[in-house]
Amino acid sequence: MSILIVSVILLAVPVILVTEIMPVDRAAIGIIVALALSGVMTPQEAVLGFSNPAVITVAAMFLLSRGMVRTGGVEYVVEKVLHYSRGNRNAAVTIVLLMVAGASAFINNTPVVALFIPIVLGLSCDYDISPSKLLIPVSYASILAGTCTLIGTSTNIIVSDLSAFYGYGEIRMFELAGLGVPIAVIGLILIFIFSPRLMPAHISPLCDVEDKENKQYLAELIVPRGSALIGKDLMGLFASGYPSLVTIEIIRGIHIIDPVDEPVVIAADDILLVKGSADDLVRILNAKVVELPHAEEGIRFGKAAADDLIVELIVPPQSSRIRERLLSTNLQGDPDIHIIAIQSRRLHYSEQKIQNVRLRLGDIILARCSRHKLAELRRGTDFIIVEDIHHEIIDKSKVKWAISIFIGVIAAATTGLADIMVCALTGVLLMAISRCFRLRDAYRSLDPPVLLLIVSTIALGTAMEKTGAAQLYAETFLSLFEGLGPEFVLAGIILFGQTLEPLPLELLKIPARKAGHRFKDSHSLTVSDLKQGLLHAHAFSQIR
């Protein structure tokens, strides 16, 4: 009866996942609940997957990936390499695919693809390429490269953990590279050759309407006494550290200086009227070389409280603050809100002071705000709150830390200095301590549906083993290849895995001793053969 119940659940899983009649996370929870309610597993056994090292490792890799993205580690490398494409369309596409593949070999696929989507869209506009010809190839390049290393994709880590659990030994960091790298190289070549011909050529409307500049905010920054900027020439002042910032004018006492007309040396108490991206505005304030002149006395932007967020406040049609001066609104006097800058389509950068700006419909205020204050703002109708900007801001001052920590994790795991789970958790701790990210914010990078699916399939695999279903399936599967060599079994596993990929990997477990007796002596299967067959079958099943 137990085998029948497990078989019904096993058959229902791919149907649910393929037809998408319910979300992945609900299906995963449903598997756990069904196994527990049916009595096939005890409640403790059903949730044992939550403590599985593979689940912890995958979660830690999500956080490490977040640290690399948040500090601009991947973006930094991408920008450097794209610089060498020198306007050549094919070279740019090749570099993008290689960068996606290189990053995906060591970083979870999802954040890598997410990072490259805006790059690909920009590339499609700059080189007049349909984005539909690039987006799918980028996704496939990421999947292909994920099969090259242990940490390239979460499923590789799961297989390694299962292999160790059943006595076959753990997978080394680059053990899959022998097969994964040739497959990835061949796949990338085929993608480069055939994707322009096979992918649809949809026209992107973004190229016609996109603002060629990134979102720019108008801000006032005052140079405090003791600032490292004092005495420096304004021309090219921000070029190296804050490239998006452009100084519109300098207010020195009662004088207004146009930096374009005359060379200017920065002096204490100068007020710089600048425009630039949120990234660079937040970064220069964190560097404490400038301050906000309209902030309250004694308040510094520096190391903000743990509960503070960088948010955008959008002025909606029903706002009562329309036509009010920005610094006359209730935002200015609130100790939990600090206005950084404003962005407006109808705002001319000739405004002498940010306090002269009157709010208009659709204006966007960049501000630092405490989390508890956001709840109060949400209850009102004056502003629409957009928190995503906080999680999109790149803090490049920590990029060296993030890259060093990430390389250290890979090196430690590769050399066997410590277990992959311990290495990953250590990397997360070091990134949190070095402020590459704040853990509370980094938790957003976790992918609960993926983690829940891993937990549920581990539970289902355990149920298959406990009830004897795995043994029954394995023997039935092997009977199809009676008298044939291991290469046929491997081919069968690959085809079976390709057809039923959503099923748990435990389904592919073949008892080594029984398998060895089923085949000719000259082609008997060894434990190593079975281990490699399982790993390679899953690697192939990822290439879709």
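Helices α1 and α18 are roughly antiparallel to each other, because their angle is about 150° and angles over 145 degrees count as roughly antiparallel. The model is predicted: local features need pLDDT of at least 70, side-chain atom pairs count only at pLDDT 80 or more, and totals for chains, interfaces and linings use all residues. Residues are numbered from 1 along each chain as its sequence is written, and side-chain values use heavy atoms, without hydrogens or water.

**Two helix pairs**

Two packed helices are described by the angle between their axes and the distance between the axes. Axes are lines fitted to C-alpha atoms, for helices over the stretch in contact, and angles run from 0 to 180 degrees between N-to-C directions. Helices (H or I, at least four residues) and strands (E, at least two) are DSSP runs, numbered from the N terminus.

| Pair | Residues | Angle | Axis distance |
|---|---|---|---|
| α1 and α18 | 2-19 and 448-467 | about 150° | 9 Å |
| α18 and α19 | α19: 469-479 | roughly 80° | within 4 Å |

The crossing of α1 and α18 is left-handed: the near helix is turned anticlockwise from the far one by less than a right angle. From α1, the contact (heavy atoms within 4.5 Å) draws on S2, I3, V6, I9, L10 and V13. From α18 come L460, A463, M464 and T467. By class, this contact has 8 nonpolar, 2 polar and no charged residues. Ala, Val, Leu, Ile, Met, Phe, Trp, Tyr, Cys and Pro count as nonpolar, Asp, Glu, Lys and Arg as charged, and the others, Gly among them, as polar.

Helix α18 also meets α19, and their axes cross at roughly 80°. That makes the two roughly perpendicular, a term for 65 to 115 degrees. M464, E465 and T467 of α18 touch A469, A470 and Y473 of α19. Here the residues divide into 4 nonpolar, 1 polar and 1 charged.

**The whole chain**

The protein chain has 22 helices and 8 strands. Of its 544 residues, 49% count as buried, meaning under 20% relative accessible area with a 1.4 Å probe, protein chains only. Among contacts with a separation of 6 or more, 79% join residues 24 or more positions apart.

**Confidence**

The chain averages a pLDDT (the predictor's confidence in each residue, from 0 to 100) of 76. At least 70 is scored by 76% of the residues. The pLDDT is below 50 over residues 297-305 and over residues 348-352. Where pLDDT is low, the predicted coordinates should not be read in detail.

Conventions: Angles under 35 degrees count as roughly parallel, over 145 as roughly antiparallel, 65 to 115 as roughly perpendicular and the rest as oblique. Buried means under 20% relative accessible area, exposed over 50%, partly exposed in between (1.4 Å probe, protein chains only).
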